[in-house]
Amino acid sequence: MQVTQTSREEINPFLQLLLLGGYAVVGLVIAMIIGFLICLGIYGLDLLHNTGWMTGNDLKYIGALKILLTAQQIGLFLAPAIFLGITEGKKPQHFYGMKMPKANLILLVFILMLCSTPILGFVNELNQKMNLPEGLKWLENWMRRMEDEGTKTTEAILKMNSIGGFLINLLVIAIIPAICEEFIFRGALQRTFLRIIKNPHIAIWTSAIIFSTIHFQFFGFFPRLFLGAAFGYIYFWTGSIWYTVFAHFLNNGYAVAMAWYLQKNNLPITNDDGPSVAWYGYLISAILTIALFWILKEKSTENHSPQPTTLNED
C-alpha cells in the first residue's frame, strides 16, 4: 500500500494517545463547567437544590440534562480530536479525511444500515439475555443496575410531545453524537492504533471495543461493538469520515424516530419483546449485510486506496 510522505512527521502514536487522554480530561472539565453555567442561567439556582434531574428523575429540567450531555460530547470526544490535529499542525480535511461524500456511496451506506437492523436486533436480544457464572453474580447485578439507570435516563431524554422536541432530540441524540464520537473513535483513535499496530483489522476492532465499553451499557455491548467495527471499516475503506458520521446518525436517528412514533401512538418506548422476526429474516439480514459491505469495499477502493498508515500531507 502506497504511503504519501507528510510535510511534517507526526509525533509518536503512543504520545498521541496520551495527548488524547489529557485533552479529553481537560475538555470534559471545561465543557461541563460551561454547560452547567448555561443551565444555571436558564433554569436558575433550583438546579442546585435537587440533583435528581441529572439522571432524568425530574422532567422539568430535562433540557438541562440535554445541555450537559451535549457539553460532554463536545468536551470529551470532539475537542480532543480537534486539538490533536492542531498539535500535529495538520488541516482537519487531510488529518481525518473529510472529503465530500459521493451520492452512490451515501445511498449504499443507507441501504447497508437498513438491512443490518434485524441482525443487530437479534444480537441485542442475545446480549440482553446474558448471564454470568454464579461466582460473578455480583458483577452481573452491578451491570444490571448500571443498565437500568441508563435506560431510565434514556427514556426521560426520549420523552417528546412536539415536533420541536423531536428535532431537539435528533440534534442531541443523533447529530451531535454522530459527529463527536466518530471524530474521536474512528478519526483519532483508529488512525492512531493503525500507526501502532499496522494491522487495520486489529486497529478497527480495538477502537470498536473502546467505543462500546465507554458507553457503560454492558447488555448492549455486542451490538454496539459490531456497529463500531462497521463504522471503522467504512472509514478505512472510503477514507472519509462523513460516511461513518452518516451511518452513526442513521442508527441513532432511527431510535429517536421509533421513540417518537411509539409515543404518538401511546405505546411504551421500551418493549422487551420487540418486533417478531422469523429465523430466516435474521439470516437474510446477515447475508445482505455482508454482501453490501463487500460491495461498499469494492466501490470505495475502485478509485481510492484504503486509509494508509500515514495520511496524506496537508
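Modeller: Being three residues apart in helix H6 (residues 137–157), Glu-140 and Lys-137 are separated by about one helical turn. Helices here are DSSP runs (H or I, at least four residues), numbered from the N terminus. This is a predicted model: local features need pLDDT of at least 70, side-chain atom pairs count only at pLDDT 80 or more, and totals for chains, interfaces and linings use all residues. Residues are numbered from 1 along each chain as its sequence is written, and side-chain values use heavy atoms, without hydrogens and water.

Biologist: Why is the pair Glu-140 and Lys-137 called a salt bridge?

Modeller: A salt bridge needs a side-chain nitrogen of Lys or Arg within 4 Å of a carboxyl oxygen of Asp or Glu. For Glu-140 and Lys-137, the closest N and O atoms are 3.2 Å apart. The pair therefore qualifies.

Biologist: What makes Glu-140 buried, and what is Lys-137 called?

Modeller: Buried means under 20% relative accessible area, exposed over 50%, partly exposed in between (1.4 Å probe, protein chains only). Glu-140 has 7%, so the residue is buried. Lys-137 has 25%, so that residue counts as partly exposed.

Biologist: How many salt bridges does a search of the whole structure find?

Modeller: Four. One of them joins Glu-10 to Arg-191, with the closest N and O atoms 3.0 Å apart.

Biologist: What does the pair of Glu-10 and Arg-191 tie together?

Modeller: Glu-10 lies in the segment before H1 and Arg-191 in helix H7, so the pair links parts 181 residues apart in sequence. Glu-10 is buried at 7% relative accessibility. Arg-191 is buried too, at 2%.

Biologist: How far apart in helix H7 are Arg-186 and Glu-182?

Modeller: Four residues, or about one helical turn. Their closest N and O atoms are 2.7 Å apart, and they form a salt bridge. Arg-186 is buried at 0% relative accessibility. Glu-182 is also buried, at 0%. Elsewhere, salt bridges that share partners join Glu-10, Arg-191 and Arg-195 into one network.

Biologist: What makes Cys-39 and Cys-115 buried?

Modeller: Cys-39 has 0% relative accessibility, so the residue counts as buried. Cys-115 has 18%, and therefore counts as buried as well.

Terms used:
Helices (H or I, at least four residues) and strands (E, at least two) are DSSP runs, numbered from the N terminus.
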